Amino acid sequence: MNSGTINSILARCIVEPAFLDQLVQDPSGALRGYALDPQIYSDFLKLDIARLRNFAGLVTKVQNNGLWEQFLHTRTLLNYYRIDLEVFTAYRDTHLQNRHSRLSHNQQIERFLSFLQEYIEAKYSAYPALREILSHEQLTWEIRLSFSTGKRMLSNGRKIDVSSLKYEQLMNLIPVIWGEMRVEEFTYDPLEVISKLSQGSFDPRQLSAQPRWLGYWADNSTEQLRILELDLPIAMLLRQINGRRSVRTLIRRVVKGAQSDLRPSEFRPFLEMAFGEGALTTVADSHAC
Amino acid sequence: MRASGFDSHPAVGLAYSAYVPMFLNKHLDAVDYIEMPFELLQHNPSVIEIQRLRPVILHCASLSMAGFVPPDDLTVESVKFWTEKTKTPWVGEHLAFVTAEREAADAGDNKNSACDVYDVGYSVNPPMNAANLQQVLRSVEEYEKRLSVPVLLENSPVYFVPPGSTMTQIEFIRELCARSSAQLLLDLTHFYITSQTLGFDPLREIMSLPLDRVVEVHISGVDMQDGIYWDDHTKRAPEIIYDMLTLVLARSSLKAVTLEYNWSARFPEKALLQEIDRTREALSTVAWEYV
């Protein structure tokens, strides 16, 4: 009996998912070429492949412990729903490719996030709030990353007091978002879910589906991520900003799109806050359209 | 400083994780030492700074004690370097293999393995048989000689019985200790997982281990998925782990109990303090002068 050969086959099962599959579908083909005595060969045929596959998933899970740092609540929810082993078992092939590629750490994280988004999409209803928490933590990670990468083109925002402007003056301003801002719609409020998870009181049966809009803004003046709680019209307005449209045009588009009778004055408090905080500024030499 | 604090009453330590420096800044006296993975030191040597706050015990998962592909000299030299640098009283290493030879049966067309060795990057429980026993004995002898400190062998969790096994893990460890002066790092959670996989009573079977050889104990949590118990260093240990600890305490000359809550960059501080208290309470039940 050659114990080295047994180690070799076991290790291959863990580092080559395709070999493990072959061991299930065509065991004699998989083991052909290995000098195994009949007892060992028989042991391999009786091996609990599901356990071995899950063990490979555990190895992948542990080797991705670094994800806990930025994706704490996503990983907590994966475990809450008892699917983290299943997820990392499915991710194993990509993970192994990552280990042997020249991808940066952040590129590897991006790969995992893409994988997980796709993986949970089909089973969304089975895991309430998981998609929301993943999106929230991904946006948080991406915005924070933008502080350390070359995305800070507009590094020195200026805060503008628009409260003294007359109605017409405000309507003619052409706003531009100062720094990076992402606006996202959620079915469940991720901030509430995180609060419940942190307190250990998360219960998916108590979740109520209520559309929620959040803005993730990279405040370059403080290098802080700021999360803005938005209502639908404001979220739509922010999404329409392109550096060419005036406040008047933006509001008209929002009102038309929402088929509502919102009045421009109802946008004023947000605009004053956003200009005042430096999230919005103006493009002085742009033309209103 | 070597062995300081590990001579009398068992010390309580914490496995290193990103949250540990901040935890020590607030609760320096809560733990007596920090267990540091060799692999982390290799990747990020600056973590050794923690040694300014607390003594360090070195833990390792690179020597592939039960494997037939030894680590390269550079790795062993690096373990030696950190053994000396940390002044660790011993090195804990898994009773497992990490690497294995890629045999001719694998045509070498696998994009994930570009060399002649499979590197699992994780400890794998080996077949429990005479050949592996001999290999582990050779490894202990060699590495204790090269590192000049004891190498404690840590039981790996058994999730499946490896083909080629002719004895149980308990029998393997007993035989190992009968044939050598090997010392043990008993991971109570691993032992509990093994008991659930193989269907035995952990509180009864732990007594059949050579507990007098146990120098260090590991404690961490477990998780159950797909009907199987899994190692989980993000969860608190179940009560039975402390029942097992009490049994070990009464029958060993234990020197260190390490809480391994190190898989997440964060672990709730309150829970950690409670776990430390729980451990110290268990230790206080034994009259150490008579051990």
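A residue is counted as buried under 20% relative accessible area, as exposed over 50%, and as partly exposed in between. In this predicted model, B:L273 has a relative accessible area of 25% and is therefore partly exposed. The residue lies in helix 9 of chain B, which spans residues 269–284. Apart from neighbours within four places in sequence, B:L273 is in contact with B:F23, B:H27 and B:A30. For B:H27, the separation from B:L273 is 246 residues in sequence, while the C-alpha to C-alpha distance is 9.0 Å.

The interface of chain A and chain B was examined next. Between them the two chains bury about 3900 Å², and carbon and sulfur atoms account for 60% of this area. Of the area that chain A buries against chain B, 17% is supplied by A:N7, A:R51 and A:F55, more than by any other three residues. The contact involves 45 residues of chain A and 46 residues of chain B.

Polar interactions across the interface comprise 17 residue pairs in polar contact, with both residues at pLDDT 80 or more. One salt bridge is found between chain A and chain B; the side chains of A:R82 and B:D223 form a salt bridge with an N to O distance of 3.5 Å.

On the side of chain A that touches chain B, at least two residues each come from helix 1 (3–15), helix 4 (38–46), helix 5 (49–63), helix 6 (67–70), helix 7 (72–80) and helix 8 (84–99) of chain A. Helix 1 of chain A gives the largest share, 11 residues. By residue class, this side of chain A consists of 20 nonpolar, 13 polar and 12 charged residues.

Terms used: Residues are numbered from 1 along each chain as its sequence is written. Chains are lettered from A and ligands numbered from 1 in the order in which they are written. This is a predicted model: local features need pLDDT of at least 70, side-chain atom pairs count only at pLDDT 80 or more; totals for chains, interfaces and linings use all residues. Side-chain values use heavy atoms; hydrogens and water are left out. Contact means heavy atoms within 4.5 Å. Buried area is the accessible area (1.4 Å probe) that two parts lose on being put together, summed over both. A salt bridge is a side-chain nitrogen of Lys or Arg within 4 Å of a carboxyl oxygen of Asp or Glu. A polar contact is a pair of N or O atoms within 3.5 Å; within protein, one must be able to donate a hydrogen and the other to accept it, and residues adjacent in sequence count only if both atoms are side-chain atoms. Helices (H or I, at least four residues) and strands (E, at least two) are DSSP runs, numbered from the N terminus. Ala, Val, Leu, Ile, Met, Phe, Trp, Tyr, Cys and Pro count as nonpolar, Asp, Glu, Lys and Arg as charged, and the others, Gly among them, as polar. Buried means under 20% relative accessible area, exposed over 50%, partly exposed in between (1.4 Å probe, protein chains only).
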